[in-house]
Amino acid sequence: FFYFDSVESLPAEPLDPSDFKPLNSRYDAQISVFGSKLQKKLEDAKVFMVGSGALGCEFLKNLALMGVSCGSQGKLTITDDDVIEKSNLSRQFLFRDWNIGQAKSTVAASAAASINPRLKIEALQNRVGPETEGVFNDTFWEKLTVVINALDNVNARLYVDQRCLYFQKPLLESGTLGAKCNTQMVIPHLTENYGASRDPPEKQAPMCTVHSFPHNIDHCLTWARSEFEGLLEKTPAEVNAYLSNPVEYASSMKNAGDAQAKDNLERVLECLDREKCETFQDCITWARLRFEDYFVNRVKQLIFTFPEEAATSTGAPFWSAPKRFPHPLQFSAADTSHLNFIIAASILRAETFGISVPDWVKNPKMLSEAVDKVIVPDFQPREGVKIETDEKAASLSAASVDDAAVINELLLKLELCRNNLPSGFRMKPISFEKDDDTNYHMDLIAGLANMRARNYSIPEVDKLKAKFIAGRIIPAIATSTAMATGLVCLELYKVLDGAHKVEDYRNTFANLALPLFSIAEPVPPKVMKHRDMSWTVWDRWILKDNPTLRELIQWLKDKGLNAYSISYGSCLLFNSMFPRHKERLDKKVVDVAREIAKAELPPYRSHLDVVVACEDDDDNDIDIPQVSIYYG
């Protein structure tokens with residue numbers, strides 16, 4: 001048996017029996033449990049939901065059925081800057097195939113309104129971040145009752161968490177990963193905030209393993225994805241950066257002066273050599289030479305540097321498990337996997353240059369003839385080539401004393417190439433998109449990975465499995481999503497009731513595959529104390545009436561705090577060690593910020609926030625809350 005209850009979701013204060021009477025409304029069943037007073041609070045809630053994907057669709061369905069933001073005072077604002085893709089349809093149930101390409105928030109809002117026509121909902125397509133603080137301004141945040149996150153990345157969660165902390169708004173946080181789900185309640189002054197604790201970083205394969213010593217298909221696909229981004233996204237972007245401002249780009253490369261800068265310049269130079277990138281035949285030549293470089297020459301160099309009988313410094317065999325001894329491939333136009341690699345690589349290369357792709361590329365005979373025209377130079381392994389074997393190394397490019405000279409020489413060659421380019425020439429960087437089966441992205445990544453797997457005698461995978469791993473797809477399970485949103489909505493009753501203590505709230509971690517259900521009370525925020533005062537991360541000290549620096553310092557002095565440094569952003573407004581700063585004491589804080597920090601305060605904002613470093617009378621540093629200076 002599995003027993004679960006949420007008795008603590010009921011209203012905290014005792015209710016009169018008349019409060020549970022049916023009102024002949026669609027919410028009568030809910031009223032019979034929670035009462036009509038809480039129902040009114042649900043209907044009048046001003047809710048901000050960030051995201052309308054898998055979690056967002058489930059939340060919207062629940063909120064519409066519960067009657068949240070369906071009253072005359074209520075409003076539900078939803079925002080998501082994404083559009084609907086075909087792969088979303090398996091788990092984002094408010095979308096249909098005819099909605100593909102439309103804005104998620106608009107379609108989801110329309111579907112939720114059809115569930116409950118009284119829902120007061122506004123759909124926006126803005127990303128929530130520093131760049132949209134003009135849209136989601138102080139007035140917007142101050143009017144909110146509660147914020148619900150339905151996000152899929154940590155950075156956006158951290159930003160929303162900081163906004164909720166600043167404006168002291170409850171944040172209901174949740175997430176899913178396959179069969180796992182978690183919920184976290186962030187309640188002003190009662191719990192710690194989302195950013196107070198972090199998950200450990202995911203363990204990744206060492207760089208040298210991925211680049212030279214792979215021993216499973218995941219390593220091959222990680223390498224393939226990295227090469228795809230380097231060749232088709234980063235290098236074209238580097239080319240455009242150089243062409244946009246050659247002087248600044250050359251200066252940054254000289255300042256870097258390392259092997260990575262040299263590699264970047266060599267790739268840019270290869271792209272700007274017009275003789276090598278004018279026709280589709282040039283793209284085929286490039287693809288064929290790439291094959292030779294990746295799967296023949298690099299392997300020959302590796303086994304020349306580390307022969308099969310090589311030993312480590314301790315005398316153990318170098319090629320012992322999990323290392324696999326590689327073998328170079330022999331290109332054959334009769335091998336369809338070789339030809340498929342050439343097709344995908346040459347078509348995507350042509351796309352970055354804006355070269356049209358001829359129809360004959362899909363004719364194996366004509367393609368083979370084009371490939372046979374390519375002259376492949378002989379390769380001889382070199383002595384003294386450094387191949388990284390240290391698993392802790394963060395970079396594969398070792399610096400050399402010759403790098404600076406080589407960089408200068410490459411920059412001269414680049415300048416010559418630039419003068420031969422047509423006016424306004426730019427490349428088109430390609431961003432990896434796994435869900436379009438016609439764009440050749442997964443064809444190239446699967447081809448790169450499988451040829452590499454063949455080098456190392458690793459079992460190959462089909463395109464679908466490659467997409468699964470390279471696209472970092474974790475199967476979404478609708479049950480996990482439904483469970484997470486259901487648990488959050490049980491907490492929403494508590495938040496909107498407004499009278500619950502921290503021990504009434506619940507954070508949950510569940511893994512349906514085990515099955516494991518771990519439910520705990522949230523952690524309270526850390527409390528700082530000074531004299532008879534105490535505060536937490538939720539507190540913000542407010543000074544109104546546009547004070548001067550002297551008035552701010554005196555205000556803190558009255559609390560037994562000696563302010564010795566005041567800063568705005570990264571700029572120092574006042575420090576007691578600098579005699580000249582005393583000249584600023586009788587100026588308004590906002591004027592000093594405008595003058596010294598060049599603060600551009602937008603018209604929708606009526607205050608600025610300063611960080612003040614303080615000591616007590618015994619010279620002990622005291623961490624005080626952020627100080628908000630109201631000048632409007």
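Is C417 buried or exposed in this predicted model? C417 counts as buried, because its relative accessibility is 15%, below the 20% cut-off used for that class.

**Figure 1. Cysteines and the search for disulfides.** A search of the whole predicted structure finds 0 disulfides. C417 takes part in no disulfide; the cysteine sulfur nearest to C417 belongs to C277 and is 8.8 Å away. A disulfide would need the two sulfur atoms within 2.5 Å. C57 is likewise in no disulfide, with the sulfur of C489 as its nearest cysteine sulfur at 14 Å. C57 has a relative accessibility of 3% and therefore counts as buried.

**Figure 2. The annotated position C208.** An unreviewed UniProt entry places the feature "active site" at C208. The residue lies in helix α7, which covers residues 207-212. Is C208 buried or exposed? With a relative accessibility of 2%, C208 counts as buried.

**Figure 3. The second largest pocket and its lining.** About 270 Å³ of space lies in the second largest pocket. How many residues line this pocket? The lining holds 15 residues, and Q162, L165, V537, D539 and Q626 lie nearest the centre of the pocket. Sorted by class, the lining has 8 nonpolar, 3 polar and 4 charged residues. Helix α6 (residues 154-167) supplies the largest share of the lining, 4 residues. Domain 1 (31-196 + 475-520) and domain 3 (530-630) each contribute at least three residues to the lining.

**Figure 4. The domain assignment.** The protein is assigned domain 1 (31-196 + 475-520), domain 2 (215-390 + 400-457) and domain 3 (530-630). How far apart are the C-alpha centres of domain 2 and domain 3? The two centres are separated by 55 Å.

**Figure 5. The C-terminal span from the UniProt record.** For residues 505-627, UniProt lists "domain: Ubiquitin-activating enzyme E1 C-terminal" in an unreviewed entry.

Technical notes
Residues are numbered from 1 along each chain as its sequence is written. This is a predicted model: local features need pLDDT of at least 70, side-chain atom pairs count only at pLDDT 80 or more; totals for chains, interfaces and linings use all residues. Side-chain values use heavy atoms; hydrogens and water are left out. On a 1 Å grid over the protein atoms alone, a cavity is a set of points where a 1.4 Å probe fits but cannot get out, and a pocket is an open set with protein on both sides within 12 Å along at least five of seven lines; lining residues have an atom within 4 Å of a point. Grid points are joined across faces, edges and corners, and a volume is the space filled by probe spheres set on the points. Helices (H or I, at least four residues) and strands (E, at least two) are DSSP runs, numbered from the N terminus. Ala, Val, Leu, Ile, Met, Phe, Trp, Tyr, Cys and Pro count as nonpolar, Asp, Glu, Lys and Arg as charged, and the others, Gly among them, as polar. Domain bounds come from an automatic or database domain assignment. UniProt positions are given in the numbering used here, feature names are shortened, and annotations may be inferred rather than shown by experiment. Buried means under 20% relative accessible area, exposed over 50%, partly exposed in between (1.4 Å probe, protein chains only).
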